[in-house]
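Biologist: I am new to reading protein models. Could you take me through the charged pairs here, slowly and one at a time?

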Amino acid sequence: MACDVPILHKEPDVLTVCKPASVPVHPCGQYRKNTVVGILQAEHGLAPLFPVHRLDRLVSGLLIIARNATKADSFRQEIEAGLVKKQYIAKVVGEFPEDEIIVDAHIDYNAREGRSTAEVRDSTKGKVASTKFTRISSNGTHSIVLCEPVTGRTHQIRVHLQSSGHPIANDMLYISEQTVDRSINGSTADRSACISDASLTSNFGEKVPKDYQENSNEDFRIDPMCTNCPNLAPKGYDTDEEGLWLHCMRYSGPGWTYECPYPDWAKL
């Protein structure tokens with residue numbers, strides 16, 4: 001979080017920045033002011049700000065921010081109409097195939113575990129998702145891949161790369177066979193943001209782990225999913241949660257295109 005938030009383009013109604021991989025877009029989980037929006041307001045006096053899209057905390061790259069509600073609504077309408085194209089780049093394990101690959105696999109997101117799974121195309125589980133992948137370069141050990149998501153599901157690119165056999169090379173959530181039970185070990189900013197965006201409510205009727213019961217009052221049970229519960233100390237993040245080798249490179253729509261420079265890790 002020592003990185004700056006570089007401003008790429010500053011227009012009367014649109015601002016684009018290059019988001020660092022360590023900072024969430026807006027307040028969520030344990031983050032209040034150390035967010036892209038908070039930093040831009042504090043260091044550049046830019047307000048109000050309306051993020052047009054979201055990037056996970058661990059993802060870097062282009063972030064488009066409208067500077068008024070009217071422009072934000074215009075972007076929203078174009079996105080909902082399917083007129084906006086998104087391009088990411090990722091550094092993946094192995095030698096990615098030369099031919100273009102399209103992955104059509106439903107995405108089923110588990111909020112309690114904070115991860116998604118790819119389901120078969122005709123599955124009734126999850127939501128329809130499609131991503132196009134094209135290899136840019138490879139050194140045999142790793143490949144740089146252009147990722148073009150047609151839909152926008154939680155962790156879509158990460159899960160579809162995993163299902164293709166070429167997960168993001170430092171994505172320990174999807175490259176490892178063992179999954180941490182995040183309902184016991186606390187909440188990450190990524191999961192908190194997803195829960196916040198979906199406006200999910202907590203279920204206080206569930207059994208609370210013993211170590212959380214010790215922090216609770218007689219008439220109040222701490223929800224392990226909530227990082228704001230009284231007496232619940234903020235939790236840190238595992239060393240596995242470094243910045244992902246996933247970078248938002250370009251957004252384009254009717255009559256406009258915004259781009260972000262390549263990250264250093266994209267050079268093989």
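What follows is a close look at the salt bridges, and then at one histidine.

Modeller: Keep in mind that this is a predicted model. Start with the idea. Side chains of opposite charge can pair when their charged atoms come close. Searching the whole structure gives 12 salt bridges. We will visit some of them.

Take Asp-73 and Arg-76. Their side chains meet in a salt bridge, with N to O at 2.4 Å. Find helix H2, residues 69-80. Both partners lie in this helix. They sit 3 residues apart, which is about one turn of the helix. How open are they to the outside? Asp-73 has a relative accessible area of 30%. Arg-76 has 38%. Buried means under 20% and exposed means over 50%, so values in between are called partly exposed. Both residues therefore count as partly exposed.

Now go to Arg-135. This residue forms a salt bridge with Glu-95. The closest N and O atoms are 3.5 Å apart. Here the pair links distant parts of the chain, 40 residues apart. Arg-135 belongs to strand S9, residues 130-138. Glu-95 is in the loop between strand S5 (85-93) and strand S6 (101-104). Arg-135 is partly exposed, at 22% relative accessible area.

Next come Lys-125 and Glu-119. Their side chains form a salt bridge too, at 3.8 Å from N to O. Look at the two partners separately. Lys-125 is partly exposed, at 43% relative accessibility. Glu-119 has a relative accessible area of 17%, so this residue is buried. Some salt bridges share partners, and in this way Arg-54, Asp-56, Arg-158 and Asp-171 are joined into one network.

Finish with His-166. Look for this residue in the loop between helix H3 (156-163) and helix H4 (172-175). Is His-166 buried or exposed? At 13% relative accessibility, His-166 is buried, because the limit for that word is under 20%. The His-166 side chain reaches the backbone oxygen of Val-93 at 2.8 Å. What else does His-166 touch, leaving out residues up to four places away in sequence? The list is Val-92, Val-93, Gly-94, Glu-95, Phe-96, Pro-97 and Leu-161.

How values were computed:
Residues are numbered from 1 along each chain as its sequence is written. This is a predicted model: local features need pLDDT of at least 70, side-chain atom pairs count only at pLDDT 80 or more; totals for chains, interfaces and linings use all residues. Side-chain values use heavy atoms; hydrogens and water are left out. A salt bridge is a side-chain nitrogen of Lys or Arg within 4 Å of a carboxyl oxygen of Asp or Glu. Helices (H or I, at least four residues) and strands (E, at least two) are DSSP runs, numbered from the N terminus. Buried means under 20% relative accessible area, exposed over 50%, partly exposed in between (1.4 Å probe, protein chains only). A polar contact is a pair of N or O atoms within 3.5 Å; within protein, one must be able to donate a hydrogen and the other to accept it, and residues adjacent in sequence count only if both atoms are side-chain atoms. Contact means heavy atoms within 4.5 Å.
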